[in-house]
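Here are some notes for a first look at this structure. Please read them with the sequence and the model side by side.

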Amino acid sequence: MSATWLVVLIVGAFTISFKAAGPVLLAGRQLPARLTSVFELLAPSLLAALVVTQSLGGKGGIVLDARLVGVGAAAVAIWLRAPLILVVVVAALTTALVRLL
Amino acid sequence: MTDKHLEGLRRIAPVTPASASFGIAFGILATTVGMGVLAPIVMSATTFAGSAQFAAASVLDDGGSIAAAVVAAVLLNARYLAISIAIADAFEGSLLRRFFESQLIVDESWAVAQRGGGRIDRRILVVAGLVLYPCWVGATALGVFGGGLLGKPERFGLDAAFPALFLALLVSVVRTRREIAAALAGGAVALALLPFAKPGVPVIAAAAICLVGLWKR
């Protein structure tokens, strides 16, 4: 088997099991209260980390580029209570414009 | 179709074009690094997680070993284990149904399904995933079979669409002081680790921040 297929199969198997673990093994079961209070904080901490890694991450760690301006523009749109679609469009358009300059 | 299904469609629509364009980009990258025609499409259909797929392809491109490519991609996807356990109680029905619905968990579908307080709406997640899945796999095929005609997604600023979506959803889920603290801590940990750690590690470390929830309120 080629290296490519090995990687595709192993990564696929891991990812499928990660995603299935909760819904398949624990579905409908009430998690202990202490665990629930841990998971309440998963969304804020994980979403914040995704914002950071996706607006600054790149080859070799931190890359400052036009994305940051786009995300800044998105932040203003969010602050002005723009709908989700507008927030995303503002981010993309601003980033594209900065790259044109 | 219920209101929840429509809401799922409405919420995922804004990022679908960005997702498709990165699917095309993955297809192009995968063929240029010599992954062939079928393997990238199978990877999109099974792994269905953009960042891990890009990571695996670029490690192979850099001449990295199989182990290095697997470790990079698996680390990036380890967050799905935490997410899947956290939202397990939202899933119901037969084993097969729970299995297939669980495969629709991706950052974007999970993010748009947030109801606050750590809970998600399964119907919104499933609808969003059902939109993204064929879009991602189809776009990969498009990229493999000559997506070189289209420009890079970066040219259109589409790489900024994802952090913008996550920021908007972050703002909508953060209400209490504990949630604000978790968001700030998660962001700070990710930022601190980003320059040094392997891809995937900053996000996992930030997710571990929620363990402070073990402390009494």
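1. In which helix of chain B is B:Val112 found? B:Val112 is found in helix 8, which covers residues 107–112. The model is a predicted one. B:Val112 has a relative accessibility of 0%, so this residue counts as buried. Leaving out residues up to four places away in sequence, B:Val112 touches B:Arg11, B:Ile12, B:Ile124, B:Ala128, B:Leu165 and B:Leu169. B:Asp62 is 50 residues from B:Val112 along the chain, and their C-alpha atoms are separated by 34 Å.

2. B:Arg11, one of the contacts of B:Val112, also forms a salt bridge with B:Glu7, with 3.1 Å between the closest N and O atoms. Both B:Glu7 and B:Arg11 lie in helix 1 of chain B, four residues apart, which is about one turn of the helix. B:Glu7 is partly exposed, at 22% relative accessible area, and B:Arg11 is partly exposed as well, at 24%.

3. Helix 1 of chain B also holds B:Lys4. B:Asp121 forms a salt bridge with B:Lys4, the closest N and O atoms being 3.8 Å apart. B:Asp121 lies in the loop between strand 2 (119–120) and helix 9 (122–144) of chain B, so the pair ties together parts that are 117 residues apart in sequence. B:Asp121 counts as buried because its relative accessibility is 4%, while B:Lys4, with 28%, is partly exposed. B:Lys4, B:Glu7, B:Arg11, B:Asp121 and B:Arg123 are linked in a network of salt bridges.

4. How many salt bridges does the structure hold over all chains? There are twelve. One of them joins the side chains of B:Arg122 and B:Glu101, at 3.0 Å from N to O. B:Arg122 lies in helix 9 of chain B and B:Glu101 in helix 7 (residues 95–102), so this pair ties together parts that are 21 residues apart in sequence. B:Arg122 is buried, with a relative accessible area of 14%, and B:Glu101 is buried, with 9%.

5. Turning to chain A, A:Val87 is found in helix 5 (residues 84–100). A:Val87 counts as buried because its relative accessibility is 1%. Apart from its neighbours within four places in sequence, A:Val87 is in contact with A:Ala74, A:Ala77, A:Ile78, A:Ala82, B:Ala164 and B:Ala168. A:Val24 is 63 residues from A:Val87 in sequence and 35 Å from A:Val87 in space, C-alpha to C-alpha.

6. Two of those contacts, A:Ala82 and B:Ala168, belong to the surroundings of the second largest pocket, where they lie nearest the centre along with A:Pro83, A:Leu84 and B:Ser172. The lining has 17 residues, and the pocket holds about 470 Å³ of space. Helix 5 of chain A and, from chain B, helix 1 (3–12) and helix 10 (161–173) each supply at least two lining residues. Helix 10 of chain B gives the largest share, four residues.

7. The largest cavity has a volume of about 40 Å³. Residues of both chains line the largest cavity: A:Phe39, A:Leu42 and A:Ala43, with B:Ala86, B:Ile87, B:Trp110, B:Gln114, B:Gly118 and B:Ile120.

8. A:Arg81 sits in the loop between helix 4 (66–79) and helix 5 of chain A, and B:Phe48 in the loop between helix 3 (38–46) and helix 4 (50–61) of chain B. Are they buried or exposed? A:Arg81 is exposed, with a relative accessible area of 75%, whereas B:Phe48 is buried, with 4%.

9. A:Thr15 is in helix 1 (residues 3–26) of chain A and is buried, with a relative accessible area of 1%. Residues up to four places away in sequence aside, A:Thr15 touches B:Thr47 and B:Asn77.

10. On the surface, A:Ile62, A:Leu64, A:Leu68 and B:Leu191 form a nonpolar patch, with about 350 Å² of accessible area together. B:Leu191 belongs to helix 11 (residues 177–193) of chain B. At 39% relative accessibility, B:Leu191 counts as partly exposed.

Notes:
Residues are numbered from 1 along each chain as its sequence is written. Chains are lettered from A and ligands numbered from 1 in the order in which they are written. This is a predicted model: local features need pLDDT of at least 70, side-chain atom pairs count only at pLDDT 80 or more; totals for chains, interfaces and linings use all residues. Side-chain values use heavy atoms; hydrogens and water are left out. Patches are made of residues with over 30% relative accessible area and no salt bridge: like charges are joined within 9 Å, nonpolar side chains (Val, Leu, Ile, Met, Phe, Trp, Tyr) within 5 Å. Accessible areas come from the Shrake-Rupley method with a 1.4 Å probe; for residues, only the protein chains shown count as cover. A salt bridge is a side-chain nitrogen of Lys or Arg within 4 Å of a carboxyl oxygen of Asp or Glu. Buried means under 20% relative accessible area, exposed over 50%, partly exposed in between (1.4 Å probe, protein chains only). Contact means heavy atoms within 4.5 Å. On a 1 Å grid over the protein atoms alone, a cavity is a set of points where a 1.4 Å probe fits but cannot get out, and a pocket is an open set with protein on both sides within 12 Å along at least five of seven lines; lining residues have an atom within 4 Å of a point. Grid points are joined across faces, edges and corners, and a volume is the space filled by probe spheres set on the points.
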